[in-house]
Amino acid sequence: MAENTKEFDWFASWVKNPDLTINDFKKLGITPDTAEFKSKEDYENLPQVKEVFKLENGEFDKESFNKFYDDTKKKVFANI
């Protein structure tokens, strides 16, 4: 796998800052030139992501994760 050369990550940025808009991110320097967007599988297996999308019983909430991923992807690619 090629090493990441971009400074930011769209998915992680939105997980940490869900109330920001695409314009807010641009003002912070997070743009298509500086941020990457990985596949669902890349994010789904990260312990940090599993923690954010954890159900009360401790299981991974795949439905919420998928919705958040798809919504984030739409926001990012609609504004490129």
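Lys54 is partly exposed, with a relative accessible area of 40%; here buried means under 20% relative accessible area, exposed over 50%, and partly exposed in between (1.4 Å probe, protein chains only). The side chain of Lys54 meets that of Glu51 in a salt bridge (3.1 Å, N to O). This is a predicted model, in which local features need pLDDT of at least 70 and side-chain atom pairs count only at pLDDT 80 or more, while totals for chains, interfaces and linings use all residues. Residues are numbered from 1 along each chain as its sequence is written, and side-chain values use heavy atoms, with hydrogens and water left out.

**Salt bridges**

- The structure holds five salt bridges, each being a side-chain nitrogen of Lys or Arg within 4 Å of a carboxyl oxygen of Asp or Glu.
- Side chains of opposite charge can pair when their charged atoms come close.
- One of the bridges joins the side chains of Glu36 and Lys38 (3.7 Å, N to O). Glu36 counts as buried because its relative accessibility is 17%, whereas Lys38, at 32%, is partly exposed.
- Another joins the side chains of Lys67 and Asp71 (2.8 Å, N to O). Both residues lie in helix α5 (residues 62-78), four residues apart, about one turn of the helix; helices (H or I, at least four residues) and strands (E, at least two) are DSSP runs, numbered from the N terminus.
- Lys67 is exposed, with a relative accessible area of 53%, while Asp71 is partly exposed at 29%.

**Aromatic pairs**

- The count of aromatic pairs comes to 16. Rings of Phe, Tyr and Trp (its six-membered ring) pair if their centres lie within 6.5 Å; planes under 30 degrees apart count as stacked, over 60 as edge-to-face and the rest as tilted.
- The rings of Phe37 and Tyr69 have centres 5.0 Å apart and planes at 45°, so this pair is tilted. It links distant parts of the chain, since Phe37 is in the loop between β2 and α3 (40-44) and Tyr69 is in helix α5, 32 residues apart. Both Phe37 and Tyr69 are buried.
- Phe60 and Phe65 also form a tilted pair, with ring centres 5.5 Å apart and planes at 50°. Phe60 is partly exposed at 23% relative accessibility, but Phe65 is buried at 0%.
- Ring pairs link Phe11, Phe37, Tyr43, Phe53, Phe60, Phe65, Phe68, Tyr69 and Phe77 into a cluster.

**The largest pocket**

- The largest pocket holds about 170 Å³ of space. On a 1 Å grid over the protein atoms alone, a pocket is an open set of points where a 1.4 Å probe fits, with protein on both sides within 12 Å along at least five of seven lines; lining residues have an atom within 4 Å of a point.
- Its lining includes Phe11, Lys16, Lys38, Tyr43 and Val52.
- By class, the lining has seven nonpolar, one polar and two charged residues. Ala, Val, Leu, Ile, Met, Phe, Trp, Tyr, Cys and Pro count as nonpolar, Asp, Glu, Lys and Arg as charged, and the others, Gly among them, as polar.

**Thr31**

- Thr31 sits in the loop between α2 (22-27) and β2 (35-36) and is partly exposed, at 22% relative accessibility.
- Leaving aside neighbours within four places in sequence, Thr31 is in contact with Trp10 and Lys26, contact meaning heavy atoms within 4.5 Å.
- The C-alpha atoms of Thr31 and Val76 are separated by 9.0 Å, and these residues are 45 apart along the chain.

Conventions:
Points joined across faces, edges and corners; volume = space filled by probe spheres on them.
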